[in-house]
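Here are my notes on the model you sent over.

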Amino acid sequence: MSDDPTRVREFFGARAADWDSRFPDDGPAYAAAVAELGLRPGGSVLDAGCGTGRALPPLRAAVGPSGTVVGVDLTPEMLERAVLAGRGGADGGTLLLADVGRLPVRDGALDAVFGAGLVSHLANPAEGLRELARVVRPGGRLALFHPIGRAALAARHGRALSPDDLRAEPRLRPLLAGAGWRLVDYVDEDTRYLALSVREG
């Protein structure tokens, strides 16, 4: 289910202060997912919907001091927590308050995009994924990630797993294809969700 930006800001703004303490053990899962992007020193990567910036340190480690890491989020409170946690600047990345659907990034500027828990919060998932494709060079990669799988996440929220979930492979693959991405790997296990795609064109 997609969300409008105001609701997303309100939801995450109210939860920003204790977000990291609610999920203290996710760090290794983030680092493992970042490793799957195949980033190289000097590369450029966007953390789309970066939240408190948990992916920013492993992204920075992957591209090194000469690389570019940008974290974008709609919610000011989440970005404030990222700064307080020391995940901005040289140790993490440049933090921008912006909508993933309208990125202040030039066409083809990036090697990769990392998006944790992103797709279900996009106001228009097809347009959002197209915008991510716009800012990535042909052959660049997209990682859609969550530290637990769809079934475990649904159980956490007291819901049944829905076939209408945008993250389900039969729904996600054509959605990505229509936005300029080719899904190349898909893992949905209790301990990890990761959909890796390559930018076509």
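1. Starting with the surface: this is a predicted model, and its accessible surface comes to about 9300 Å². Carbon and sulfur atoms own 52% of that area.

2. On charge, I get 24 positive and 26 negative side chains. The centres of the two sets lie 3 Å apart.

3. Next, overall dimensions. Taken along the principal axes, the C-alpha atoms fill a box of roughly 45 × 40 × 30 Å. The radius of gyration is 15 Å, which agrees with a compact globule, because a chain of 201 residues folded that way would have a value near 17 Å.

4. How much of the protein is buried? Buried residues make up 49% of the 201 residues, with "buried" meaning under 20% relative accessible area.

5. Secondary structure comes to eight helices and seven strands. One piece to look at in the viewer is the pairing of β6 (residues 181-189) with β7 (residues 192-199). These two strands run in the antiparallel sense and are joined over eight bridges.

6. What sits between β6 and β7? Two residues, and the strands form a hairpin. To get your bearings in the pairing, find W181, which stands opposite R199 in β7.

Conventions:
Residues are numbered from 1 along each chain as its sequence is written. This is a predicted model: local features need pLDDT of at least 70, side-chain atom pairs count only at pLDDT 80 or more; totals for chains, interfaces and linings use all residues. Side-chain values use heavy atoms; hydrogens and water are left out. Two strands pair if DSSP finds at least two bridges between them. Helices (H or I, at least four residues) and strands (E, at least two) are DSSP runs, numbered from the N terminus. The radius of gyration is taken over C-alpha atoms; the globule rule is 2.2 Å times the number of residues to the power 0.38. Buried means under 20% relative accessible area, exposed over 50%, partly exposed in between (1.4 Å probe, protein chains only). Accessible areas come from the Shrake-Rupley method with a 1.4 Å probe; for residues, only the protein chains shown count as cover. Lys and Arg count as positive and Asp and Glu as negative; His and the chain ends are not counted. The place of a charge is taken as NZ of Lys, CZ of Arg, CG of Asp or CD of Glu.
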